[in-house]
Amino acid sequence: MKAELKRWKNKFETTEKELNGQRQIYREALGNVSALEEQLSHEVKFCAKLGSSSCSILWSLSKYGIPDTTLNTTSMNKLLEAIEQTLINYSQADSALDPSSDEVKLVEALLWNINQHISV
């Protein structure tokens, strides 16, 4: 009887250790999910801001032509703020980004557009 009790106690302790390990993994996964949700929320806001300001500028240009005051509009300022944030995030990246990634292509396109507007 004692041997069987000891066997069950060992089995219980082993199972309890496994459960605690799984709980730790769950907590870490939950933390990762929270971090990813926050990152996704930030990216959604950024994309909405970038899209909204770009469309506003395009609509304004298609309706009125290209006035000299385009660079002073609120829409242009919002677009430039979004570009600035993108370039800051890109320059502060922890690791090298893949040259064929969407992030690098976006930064290259933004820099190309800035260069085109400056050279005009």
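Predicted model: local features only at pLDDT ≥ 70, side-chain atom pairs only at ≥ 80, totals over all residues.
Let's start with a pocket: helix 1, helix 2 and helix 3 (102–119) each contribute at least two residues to the lining of the second largest pocket. Helix 1 supplies the largest share of that lining, with five residues. The volume of this pocket is about 490 Å³, and 14 residues line it, of which Glu43, Thr86, Asn89, Tyr90 and Glu103 are the closest to its centre.

What classes of residue make up the lining of the second largest pocket? Seven of the lining residues are nonpolar, four are polar and three are charged.

## The overall fold

Stepping back, the chain has three helices and zero strands. Read from the N terminus, its elements follow the order α-α-α.

Of the contacts in the chain with a separation of 6 or more, 47% link residues 24 or more positions apart.

In soluble globular proteins, nonpolar side chains tend to be buried together. Here, the largest nonpolar core consists of six residues: Phe46, Leu50, Leu79, Ala82, Ile83 and Leu110. Helix 1 (2–64) and helix 2 (74–91) are the elements that give two or more residues to this core. Which helix gives the most? That is helix 2, with three residues.

## Surface and burial

Across the 120 residues of the chain, 12% are buried.

Conventions. Residues numbered from 1 in each chain as written. Heavy atoms only, no water. Helix = DSSP H or I, 4+ residues; strand = E, 2+ residues; numbered from the N terminus. Buried < 20%, exposed > 50% of the residue type's maximum accessible area, 1.4 Å probe, protein only. Contact = heavy atoms within 4.5 Å. Core = buried A, V, L, I, M, F, W, Y, C linked by side-chain atoms within 4.5 Å. 1 Å grid on protein atoms, 1.4 Å probe; cavity = no way out; pocket = protein on both sides within 12 Å on 5 of 7 lines; lining within 4 Å. Points joined across faces, edges and corners; volume = space filled by probe spheres on them. Nonpolar A, V, L, I, M, F, W, Y, C, P; charged D, E, K, R; others polar.
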